[in-house]
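Colleague: I have one request. Please give me a close look at a single part, and then connect that part to the rest of the chain.

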Amino acid sequence: MKQKQSGFTLIEIAIVLVIIGLLLGGVLKGQELINSAKVKNLATDFKNIPIYIYGYQDKYRSLPGDDAAASSHVSGATSATTPSGKQSNGVIDGSWDSVTGTDETQLFWQHVRLAGLATGPTSGADLLPTNSVGGLIGITNGGTNNPDPAYATTPATALRGTYIVCSAGILGKYAKQLDIQMDDGNFKGGSMRSFTTDGNRPSTLSEPTGAALSSGDLDDAQSYTVCMGV
């Protein structure tokens, strides 16, 4: 007596393939949404900092960090003492990634937080916030502390702005999207540029190598520090 052999029909196989396709599509769409959310959060950091500056200026007629009378303007605030003799000169002095607690670029964050413009710690050895991918965020002036090494010799192509905002640890794939969303899509030109670094707290930033001035020169899997003039 022959045993009846069982197997999948073409209809059953087609249904399974459709389900697999839907699952894969859902996973890819979910990853796309996660990536978009990260880029949106990174972009928000760049957009918020000018709001902090102008909000503080509107209240106290001084720049956060540079405000020599910060302790009288905001309860609990500390006035910067470094760089020496630079307070109340209308410039936020110091390295964007400063580790010196008395620098204007460090105390910028204390001042805007105590003024109720931003959230985060107001005391401690390091007040710099981190972005959505864990890299540091900082601000400096657009002059001698500009992170672009070309600024002093070739200002026509340098990153320029009244203030320079930098955000570290950003993968190339996110840096490309950021530049497209907020600037001109060219990581070597415009008001937003990407720099290679040796770590999350670099003292010097350098432009990525590459002949073509296009975002395609950025490595999707490499981390960059993205800076923007505002």
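Modeller: I start with helix α3, because ten of its eleven residues are buried, so the helix is largely enclosed by the rest of the structure. Buried here means under 20% relative accessible area, exposed means over 50%, and partly exposed lies in between, with a 1.4 Å probe and protein chains only. Helices (H or I, at least four residues) and strands (E, at least two) are DSSP runs, numbered from the N terminus. This is a predicted model, in which local features need pLDDT of at least 70 and side-chain atom pairs count only at pLDDT 80 or more, while totals for chains, interfaces and linings use all residues. Residues are numbered from 1 along each chain as its sequence is written, and side-chain values use heavy atoms, with hydrogens and water left out.

The buried residues of α3 are E104, T105, Q106, L107, F108, W109, Q110, H111, V112 and R113. After α3 comes G116, with a positive phi near 80 degrees.

Next, the core. A nonpolar core is a set of buried Ala, Val, Leu, Ile, Met, Phe, Trp, Tyr and Cys residues joined through side-chain atoms within 4.5 Å. The largest such core has 40 residues. F108 and W109 are among its members with the most contacts inside it, together with F46, I49, I139 and L178. Two or more residues come from each of α1 (10–60), α3 (104–114), β1, β2, α4, β3 and β4. Helix α1 gives the most, with seven residues. Apart from this core lies another, of six residues, including Y56, V74, A77 and A115. In soluble globular proteins, nonpolar side chains tend to be buried together.

Helix α1 also holds N35. N35 is buried, at 13% relative accessible area. Neighbours within four places in sequence aside, N35 is in contact (heavy atoms within 4.5 Å) with K173 and Y174.

Now the sheet. It is open, has four strands in the order β1-β2-β4-β3, and pairs antiparallel. Two strands pair if DSSP finds at least two bridges between them. The edges are β1 (137–141) and β3 (192–195), each pairing on one side only. Neighbouring strands are turned by 25 degrees against each other on average, direction ignored. Such angles run from 0 to 180 degrees between N-to-C directions, with axes as lines fitted to C-alpha atoms, for helices over the stretch in contact.

Take the strands in sheet order. β1 and β2 pair antiparallel over five bridges. There, I139 stands opposite V165 in β2. In β2, seven of the nine residues are buried, so this strand too is largely enclosed by the rest of the structure. Six bridges join β2 to β4, again antiparallel. L171 stands opposite S223 in β4. Four bridges link β3 and β4 in the antiparallel sense. M192 has M228 in β4 as its bridge partner.

Helix α4 (residues 172–182) packs on this sheet and touches β2, β3 and β4. The direction of α4 makes about 145 degrees with that of β2. L178 touches V39, L42, A43, F46, I170, D183 and M192, not counting residues up to four places away in sequence.

One disulfide is counted, a disulfide being a pair of cysteine sulfur atoms within 2.5 Å. C166 and C227 form it, with sulfur atoms 2.1 Å apart. C166 lies in β2 (residues 163–171) and C227 in β4 (residues 223–229), so the pair ties together parts that are 61 residues apart in sequence. The link is right-handed, with 105 degrees about the S-S bond. Both C166 and C227 are buried.

Finally, the whole chain. It has four helices and four strands, running α-α-α-β-β-α-β-β from the N terminus. Of its 230 residues, 41% count as buried. Among contacts with a separation of 6 or more, residues 24 or more positions apart account for 61%.
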